[in-house]
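Reader: Please take one part of this structure and go through it closely, with the cut-offs spelled out. After that, tell me how the part sits in the rest of the chain.

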Amino acid sequence: MKNTRHNLILQIISEQNIETQAQLIEALAAHGVASTQATLSRDIKELHLVKELGADGKHHYAVSGKKKDNDHEQRLRKIFRESVTSYTVAQNIIVIKTLPGLANAACATLDSMHIQTLAGTLAGDDTAFLAMLSNKAAEDFCHEIDEMI
């Protein structure tokens with residue numbers, strides 16, 4: 001859901017001059033995606049959106065140069081989404097199954113995210129083990145994996 005919303009936001013701001021969060025919420029709603037102002041604020045921060053001065057003399061949302069620098073991270077996240085076939089939690093360990101040969105890519109993605117509750121990763125060919133700092137951290141991170149894939 002989050003990735004779908006992010007992609008839609010990027011599409012909307014590339015096609016329309018969106019000046020306010022309220023306009024962006026309306027544009028999302030027109031595409032059938034409901035969002036709150038708080039969620040939209042987080043999305044704007046995560047997507048590194050900025051307001052730029054347009055040719056019409058008004059400021060509108062655009063992707064910042066910092067977002068462009070995150071291309072490598074975005075590619076890794078895409079590989080993660082496309083390679084993970086299943087995952088399960090066993091106390092503070094998360095076991096991730098991937099397509100053959102892609103467990104290392106999944107771990108590289110997670111390692112690049114600098115997750116504070118992640119103690120470490122270990123990858124085989126099609127299986128990755130994530131050692132989390134606590135059982136709760138493992139359960140919470142499984143919810144984040146849901147959003148990533």
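Author: Glutamine 21 lies in helix α2. Helices here are DSSP runs of H or I with at least four residues, strands are runs of E with at least two, and both are numbered from the N terminus. The model is a predicted one, in which local features need pLDDT of at least 70 and side-chain atom pairs count only at pLDDT 80 or more, while totals for chains, interfaces and linings use all residues. Residues are numbered from 1 along each chain as its sequence is written, and side-chain values use heavy atoms, leaving out hydrogens and water.

Glutamine 21 has a relative accessibility of 19%, so it counts as buried; buried means under 20% relative accessible area, exposed means over 50%, and partly exposed is in between, with a 1.4 Å probe and protein chains only. Leaving aside residues up to four places away in sequence, glutamine 21 touches Gln37, Leu40, Ser41, Ile44 and Tyr61. A contact is a pair of heavy atoms within 4.5 Å.

An α-helix has 3.6 residues a turn, so residues three or four places apart point the same way. Just after α3, histidine 48 has a positive phi of about 55°.

Histidine 48 is also one of the residues touched by valine 63, along with Leu10, Ile13, Leu49 and Glu52, again not counting residues up to four places away in sequence. Valine 63 is in strand β2 and is partly exposed, at 27% relative accessibility.

Glutamate 19 is in the loop between α1 and α2. At 26% relative accessibility it counts as partly exposed. With the sequence neighbours up to four places away left out, glutamate 19 touches Lys51, Lys58, His59, His60 and Tyr61. Glutamate 19 and histidine 59 are 40 residues apart in sequence, but their C-alpha atoms are 6.0 Å apart in space. By contrast, valine 63 and alanine 138 are 75 residues apart in sequence and 32 Å apart, C-alpha to C-alpha.

As for the rest, the protein chain has seven helices and six strands, in the order α-α-α-β-β-α-α-β-β-α-β-β-α from the N terminus. The C-alpha trace spans about 55 × 25 × 25 Å along its principal axes. Of the 149 residues, 36% are buried. Among contacts with a separation of 6 or more, 48% join residues 24 or more positions apart.

A search of the whole structure finds zero disulfides, a disulfide being a pair of cysteine sulfur atoms within 2.5 Å. Cysteine 107 is in none, and the nearest cysteine sulfur, in cysteine 142, is 14 Å away, which is too far for a bond. Cysteine 107 is buried at 5% relative accessible area, and cysteine 142 is buried at 10%.
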